[in-house]
Amino acid sequence: MSEKLKVGILGATGMVGQRFIALLENHPWYEVTTVAASPRSAGKSYEEAAGGRWKLDTPMPKGVKALTVKDVNDVAGVSGEVDFVFSAVDMTKEEIRAIEEAYAKAETPVVSNNSAHRWTPDVPMMIPELNPEHAEVIPFQKKRLGTKRGFIAVKPNCSIQSYTPALHALREFGPKVVVATTYQAISGAGKTFADWPEMVDNIIPYIGGEEEKSEQEPLRIWGHIENGEIVKAAAPVITTQCIRVPVSNGHTAAVFVSFEKKPAKEEILARWASFRGLAQELNLPSAPRQFIRYFEEDNRPQAALDRDYENGMGVCLGRLREDTVYDYKFVGLSHNTIRGAAGGAVLCAELLTAKGYIAKKE
């Protein structure tokens with residue numbers, strides 16, 4: 001790409017907004033030129049607005065420190081400076097739906113980390129390796145919005161990334177029943193141990209809304225486009241429990257699955273090892289070279305050791321074995337704020353750029 005696209009970050013001061021900024025430092029296609037947040041941060045430098053709340057282990061990139069934070073509600077002002085935006089705003093779902101649609105109607109594509117539009121029928125919700133064809137719903141959305149280049153695309157919930165790719169690679173065998181328990185890191189709530197000390201030496205067996213997302217969103221990933229809308233798949237039946245655990249980053253899943261046609265263990269391992277998606281075929285900048293890695297060791301994957309696999313964009317699996325009730329069980333792990341949040345959205349944007357949906361404004 002001869003000239004980088006200008007990118008805005010909506011909700012730039014929050015944890016996911018910070019992760020966007022860190023991931024986009026030195027990106028070959030994109031340059032963060034505009035940061036936007038709540039009115040209370042507007043007018044300050046980004047360093048002043050976010051410096052005391054910087055939650056990542058890596059330092060704040062120098063290139064954004066002096067940027068003046070804009071009011072995220074200034075849709076025209078932000079849109080006039082960028083080619084597209086990433087959205088990580090902290091608002092109610094109704095407010096998020098409204099503001100993301102306002103940016104789209106201002107002819108600014110929106111790639112969102114938020115959940116507000118995940119079930120809007122003509123908004124693609126994508127894991128680029130799994131369902132890139134869902135981008136084909138965008139022209140129908142543009143027609144509804146009355147736009148030429150503005151649209152919304154979203155990435156799915158962080159909790160499903162640790163097991164949905166593993167099941168997707170096995171779809172030829174017909175997964176029919178899936179039971180998954182996710183053990184979710186505190187960064188999924190935008191927290192660190194410093195600001196959530198009650199999570200030290202603790203487990204909370206409830207995360208609001210997560211179980212419904214974890215059970216339903218894979219079905220939308222596996223759905224199809226019909227009459228300009230995405231229709232979710234009917235199978236498999238998925239039931240989940242989602243538990244908050246004292247881990248900084250990395251969501252782990254314990255998964256049980258039965259198939260229509262039970263594969264041999266060797267077949268499962270072969271499918272996981274060879275799985276590639278369009279993101280790998282296009283060699284997108286953020287795409288992991290080896291999307292799925294299987295560990296033979298009984299005590300892997302581990303969040304502390306393996307969450308950064310492929311720069312946090314890969315999925316780690318282990319402990320595959322036959323089960324006495326279901327056909328098989330295994331453990332999965334993914335980095336929730338990279339692959340599961342900002343990194344997954346960046347990869348979605350790269351796919352949409354490669355397909356021509358995101359381009360420089362004329």
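Ala 36 has Lys 70 as its bridge partner in strand S3. The model is predicted. Strand S2 (residues 30–37) and S3 run parallel and are joined by 2 bridges. Both strands belong to an open sheet of 6 strands. Lys 70 also takes part in a salt bridge, with Glu 81.

**The open sheet**

- The strand order is S3-S2-S1-S4-S5-S6, and the pairing is parallel.
- Strand S3 (70–71) and strand S6 (152–154) are the edge strands, each pairing on one side only.
- Helix H5 (residues 93–105) packs on this sheet. The helix touches strand S1 (5–10), strand S4 (84–87), strand S5 (110–112) and S6.
- The direction of H5 makes about 150 degrees with that of S5.
- In general, strands of a sheet pair through backbone hydrogen bonds, either parallel or antiparallel.

- Strand S12 (residues 292–295) pairs with strand S13 (residues 315–322) in the parallel sense, over 4 bridges.
- Within that pairing, Arg 293 has Cys 316 of S13 as its bridge partner.
- S13 also pairs with strand S14 (residues 328–334), here in the antiparallel sense and over 6 bridges.
- Leu 317 stands opposite Gly 332 in S14.
- S13 and S14 form a hairpin, with 5 residues between the two strands.

**Largest pocket**

- The volume of the largest pocket is about 1100 Å³.
- Its lining has 45 residues, and the closest to the centre are Val 16, Ala 88, Val 89, Asp 90 and Asn 114.
- Helix H1 (15–24), H5, helix H8 (210–221) and helix H12 (338–354) each supply at least two lining residues.
- H1 gives the largest share of this lining, with 4 residues.
- By class, the lining of the largest pocket divides into 14 nonpolar, 19 polar and 12 charged residues.

**Second largest pocket**

- The second largest pocket holds about 800 Å³ of space.
- 34 residues line it, and those nearest its centre are Arg 19, Leu 23, Asp 308, Asn 311 and Ile 338.
- H1 and H12 each supply at least two residues of this lining.
- Here too H1 gives the largest share, 4 residues.
- The lining of the second largest pocket has 14 nonpolar, 11 polar and 9 charged residues.

**Salt bridges**

- The model has 14 salt bridges.
- One of them joins the side chains of Lys 70 and Glu 81, at 3.6 Å from N to O.
- Lys 70 lies in strand S3 and Glu 81 in the loop between helix H4 (75–79) and S4, so the pair ties together parts that are 11 residues apart in sequence.

**Backbone points to check**

- Most residues other than glycine have a negative phi, and most peptide bonds are trans.
- The peptide bond from Ala 235 to Pro 236 is cis, with omega near 5 degrees. Pro 236 sits in the loop between strand S9 (229–231) and strand S10 (237–244).
- Arg 300 and Pro 301 are also joined by a cis peptide bond, with omega about 5 degrees. Pro 301 is placed in the loop between S12 and helix H11 (303–306).
- Glu 310 has a positive phi, near 55 degrees, and is not a glycine. Glu 310 lies in the loop between H11 and S13.

Note on methods: Residues are numbered from 1 along each chain as its sequence is written. This is a predicted model: local features need pLDDT of at least 70, side-chain atom pairs count only at pLDDT 80 or more; totals for chains, interfaces and linings use all residues. Side-chain values use heavy atoms; hydrogens and water are left out. Two strands pair if DSSP finds at least two bridges between them. Contact means heavy atoms within 4.5 Å. Axes are lines fitted to C-alpha atoms, for helices over the stretch in contact, and angles run from 0 to 180 degrees between N-to-C directions. On a 1 Å grid over the protein atoms alone, a cavity is a set of points where a 1.4 Å probe fits but cannot get out, and a pocket is an open set with protein on both sides within 12 Å along at least five of seven lines; lining residues have an atom within 4 Å of a point. Grid points are joined across faces, edges and corners, and a volume is the space filled by probe spheres set on the points. Ala, Val, Leu, Ile, Met, Phe, Trp, Tyr, Cys and Pro count as nonpolar, Asp, Glu, Lys and Arg as charged, and the others, Gly among them, as polar. A salt bridge is a side-chain nitrogen of Lys or Arg within 4 Å of a carboxyl oxygen of Asp or Glu.
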